[in-house]
Every structure is written in structure tokens, then in C-alpha cells.
Amino acid sequence: MSRTQLLHDNQSFLCGHCGHGVSPLAYGGSQRNHCPQCLYSRHVDIRPGDRRSACKGMMKPISIWIQDNGEWSVIHRCSKCGALKTNRIAADDNELLLFSLAASFLSQLPFPGHRILGHMQNYSQHFCMDKAQDAV
Ligand SMILES: [Zn+2]
Ligand SMILES: [Zn+2]
């Protein structure tokens, strides 16, 4: 990719949610598609990077998706049309917000947490023992 293309794809923009001036990616990566400060995005793509969506609604960060290779993505939900999108995180994204998105599951369990923790310990012990036996 030439430098001109790179600049074209990563143009600076003002965040529509918090007003933060978002500059092109400082640490590499393919594309800046969300605000590193509040993690909001804008619904501009139909397919990643095509900028062909007419919606233009603000996309709220609602959760974290960890891909099979361990890479983190933010799941965004459009506040206008409800579309769900995933966007890879960038090196300068707000770590505290990323963490609280990931931890929000544990702080809002739909069942008593102490009960499931007991089950989890039993389950993981059982699971690890099975794995050890398989390896022999
Ligand atoms: Zn923002
Ligand atoms: Zn939308």
C-alpha cells in the first residue's frame, strides 16, 4: 500500500459521540474505525471498509469478541438501525473502557454468582483431569 492510499484510508475525524479529535492510526493496523477514547463508531460500512452504508448512525460499543487467534474485537451496535458490527481494537484504544466492557458480563450476571463459581471450580478440575489422562 502506498503512503497516499494509507493517508486516504485513515483520514482524521471528529468523534460523533465524545467530540474527541481522532487522528490516523499511530501504531499501524488496517483502519481507524472507532474513537480510541470512548470506543464509539459510526455506521458507515455495509462490508468492512466500503463506506457504502446510508445509515450513519452512532454505533455503541456493547461487548468484546475474542477471536480464535486471541485477537480482541469490539462489538458495536448501531443506535439507529440496530446493526451489529465487529471492529478490531487498536493499540491506543481506551484500556479501562475495554476492560469494563469485558468485565460487564461478570458484574451483571442473570443468576447468583457464588453458585456458578462453585460449579466452575468442580467443572475445571474435572476437565483438567480428563485432559491429563488423555495425554498419557
Ligand atoms: Zn469518542
Ligand atoms: Zn445503522
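Visitor: Where is Lys56 found?
Guide: Lys56 is found in the loop between β3 and β4, where strands and helices are DSSP runs numbered from the N terminus (E, at least two residues, for strands; H or I, at least four, for helices). This is a predicted model, in which local features need pLDDT of at least 70, side-chain atom pairs count only at pLDDT 80 or more, and totals for chains, interfaces and linings use all residues. Residues are numbered from 1 along each chain as its sequence is written, while chains are lettered from A and ligands numbered from 1 in the order in which they are written.

Visitor: And is Lys56 buried or exposed?
Guide: Lys56 is exposed, because 12 other C-beta atoms lie within 10 Å; the scheme places C-beta atoms from the backbone and calls a residue buried if 20 or more others lie within 10 Å of its own, exposed if 12 or fewer, and partly exposed in between. The phi of Lys56 is near 60°, a positive value in a residue other than glycine.

Visitor: Why point that out?
Guide: Most residues other than glycine have a negative phi.

Visitor: What about Leu39, what is its phi?
Guide: Leu39 has a positive phi of about 70°, although it is not a glycine, and it lies in the loop between β2 (21-22) and β3. Leu39 counts as buried because it has 24 C-beta neighbours inside 10 Å.

Visitor: Switching to the sheet, what is the strand order?
Guide: The order is β3-β4-β5-β6 in an open sheet of four strands with antiparallel pairing, and two strands pair if DSSP finds at least two bridges between them. The edge strands, each pairing on one side only, are β3 (41-42) and β6 (84-88).

Visitor: How many bridges pair β4 with β5?
Guide: Strand β4 (residues 58-66) pairs with strand β5 (residues 72-78) over seven bridges, in the antiparallel sense, and Ile64 stands opposite Val74 in β5.

Visitor: How many join β5 to β6?
Guide: Five bridges join these antiparallel strands, with Ile75 standing opposite Thr86 in β6. β5 and β6 form a hairpin with five residues between them, and Gly82 in the turn has a positive phi of about 85°.

Visitor: Last one: where is Ala102 found?
Guide: Ala102 is found in helix α2 (residues 95-107), and it counts as partly exposed because it has 13 C-beta neighbours inside 10 Å. Ala102 and Ile62 are 40 residues apart in sequence and 9.3 Å apart in space, C-alpha to C-alpha.
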